[in-house]
Amino acid sequence: MVLPSSIFLSFLIALARGGRISALSNLRFKGLQYLAGAVVIRVLLILPPLQIILIEPAFGNLRYGGILYSLSLLLALMTLVTNIRLTGLPVVALGMFANFLVIVANLGQMPGALDKLVAAGYPGPIPGQWSNFTVIVDSTRLWFLGDNFLIGRPWPLPSVISLGDLIIIVGVFWFFQKAMRP
């Protein structure tokens with residue numbers, strides 16, 4: 001919930017600074033078909049009837065859920081790269097790439113620090129369902145790019161975020177401040 005609320009707060013701050021919503025209509029986004037594909041995949045990942053398929057191994061320890069989740073991130077990253085000329089989006093793309101790297105390195109799952117996940121109220125994986133999260137262990141690849149930062153109170157919904165998420169938040173903030181300026 002930190003990323004969506006950060007996007008909304010960045011938008012509100014831009015408005016409070018005199019930004020105009022109409023300025024966003026002047027932007028020409030490309031590659032939205034990639035974003036649409038990413039959204040469709042993310043919806044498929046939460047559908048209960050598909051859980052039985054998502055937890056099945058595709059290759060070794062790589063599960064179908066991990067493949068689809070990684071593909072959704074790749075499609076979102078392609079959307080960002082297609083629009084790299086827009087202020088702030090290169091920073092967002094850098095954060096997304098960091099997340100993509102750690103997730104792909106860990107077979108389609110974002111590793112997180114157990115103590116931070118517990119503090120945020122993450123219940124852990126549900127037996128028989130695929131999860132895009134895994135706990136950091138000694139064999140976790142690129143663990144330092146995982147969900148290692150607890151966003152606790154006074155934030156209304158505690159969460160754990162990654163370095164990539166922090167970079168994305170900075171890029172989104174910069175994007176709205178520039179794109180909506182009067």
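Predicted model: local features only at pLDDT ≥ 70, side-chain atom pairs only at ≥ 80, totals over all residues.
Visitor: How many aromatic pairs does the structure hold?

Guide: The structure holds six aromatic pairs.

Visitor: Why is the pair of Phe11 and Phe176 called edge-to-face?

Guide: A pair of aromatic rings is described by the distance of the centres and the angle of the planes. For Phe11 and Phe176, the centres are 5.8 Å apart and the planes are at 75°. Rings pair if their centres lie within 6.5 Å, and planes over 60 degrees apart count as edge-to-face. The distance and the angle both meet these limits, so the pair is edge-to-face.

Visitor: What makes this a link between distant parts of the chain?

Guide: Phe11 is in helix 1 (residues 2-16) and Phe176 is in helix 7 (residues 163-179), 165 residues apart.

Visitor: How do you know whether Phe11 and Phe176 are buried or exposed?

Guide: Buried means under 20% relative accessible area. Phe11 has 18%, so Phe11 is buried. Phe176 has 12%, so Phe176 is buried as well.

Visitor: Why is the pair of Phe29 and Phe175 called tilted?

Guide: Their ring centres are 6.2 Å apart, with 55° between the planes. Planes under 30 degrees apart count as stacked, over 60 as edge-to-face and the rest as tilted. An angle of 55° falls in the rest, so Phe29 and Phe175 are a tilted pair.

Visitor: Where in the chain are Phe29 and Phe175?

Guide: Phe29 is in the loop between helix 1 and helix 2 (32-46), while Phe175 is in helix 7, 146 residues from Phe29. Phe11, Phe29, Phe175 and Phe176 form one aromatic cluster.

Visitor: Which residues make the nonpolar surface patch?

Guide: The patch, of about 640 Å², is made by Phe29, Leu32, Leu35, Val39, Val40, Val43, Leu44 and Leu47. Val39 is in helix 2.

Visitor: How do you know whether Asn106 is buried or exposed?

Guide: Asn106 has a relative accessible area of 10%, under the 20% limit, so Asn106 is buried. Asn106 is in the loop between helix 5 (89-105) and strand 3 (110-112). Leaving aside neighbours within four places in sequence, Asn106 is in contact with Pro111, Thr140 and Arg141.

Key. Residues numbered from 1 in each chain as written. Heavy atoms only, no water. Helix = DSSP H or I, 4+ residues; strand = E, 2+ residues; numbered from the N terminus. Buried < 20%, exposed > 50% of the residue type's maximum accessible area, 1.4 Å probe, protein only. Patch = residues over 30% accessible without salt bridge, like charges linked within 9 Å, V, L, I, M, F, W, Y side chains within 5 Å. Areas by Shrake-Rupley, 256 points an atom, 1.4 Å probe, with all protein chains shown as cover. Salt bridge = Lys/Arg side-chain N within 4 Å of Asp/Glu carboxyl O. Contact = heavy atoms within 4.5 Å.
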